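Here are a few notes to read alongside the model. Take them one point at a time and keep the 3D view open.

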Amino acid sequence: MPASTDVDDIRHVLQDLGTWAVVGCSASPMRDSFGVARFLQAKGKRVVPVNPAQQEILGETVYPDLAAAVAAGIDVEVVDVFRRADVAGRHVDEAIEIGAKAVWLQLGVIDEAAAERARAAGLVVVMDRCPKIEYPRLGR
């Protein structure tokens with residue numbers, strides 16, 4: 001059973017972890033990454049946009065990568081990946097390197113090898129799910 005189906009893990013990440021780095025976050029309100037970031041902010045989460053091509057999104061400074069966010073003193077707890085599955089693994093490895101507590105791979109982003117590396121490093125893994133869908137589904 002993939003980690004993404006563990007309701008307790010999903011609930012823990014949504015309920016207990018407060019700082020979310022959204023990798024691939026877009027400044028365009030038409031993009032899913034923007035909508036999810038805005039949703040997380042509305043739920044009281046701190047959103048840290050990660051995108052080398054942007055300056056500011058949703059009133060937050062955008063960082064070119066996770067290491068830059070950590071260097072700025074941000075304690076990233078969840079790394080939410082809005083990138084293609086074939087490049088998601090590099091961001092999972094970055095999440096491990098910075099000491100994140102969880103990785104969340106968005107709908108359609110499936111990388112079992114990267115998920116295994118994250119689990120082996122002690123991170124909670126949620127894969128092929130969307131927090132904007134899971135939050136109300138779990139009665140939050």
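1. Which residues of helix H2 (residues 32–42) are buried? They are Ser33, Phe34, Gly35, Val36, Ala37, Phe39 and Leu40. Buried means under 20% relative accessible area, with a 1.4 Å probe and protein chains only. Helices are DSSP runs of H or I with at least four residues, strands are E runs of at least two, and both are numbered from the N terminus.

2. A quick word on the source: this is a predicted model, where local features need pLDDT of at least 70, side-chain atom pairs count only at pLDDT 80 or more, and totals for chains, interfaces and linings use all residues. Residues are numbered from 1 along each chain as its sequence is written, and side-chain values use heavy atoms, leaving out hydrogens and water.

3. Back to H2: its buried residues pack against strands including S1 (19–23) and S2 (46–50), and also against helix H6 (131–137). Contact here means heavy atoms within 4.5 Å. Just after H2 you'll find glycine 44, with a positive phi of about 90 degrees.

4. Now look at helix H5 (residues 112–120), where Ala114, Ala115 and Ala118 are buried. Viewed down the axis of H5, these buried residues fall within an arc of 100 degrees, so they line one face of the helix. The arc is taken from the directions from the helix axis to the C-beta atoms. Helix H4 (85–98) is among the elements covering them.

5. After H5 comes glycine 122, and its phi is positive too, near 95 degrees.

How values were computed:
Buried < 20%, exposed > 50% of the residue type's maximum accessible area, 1.4 Å probe, protein only.
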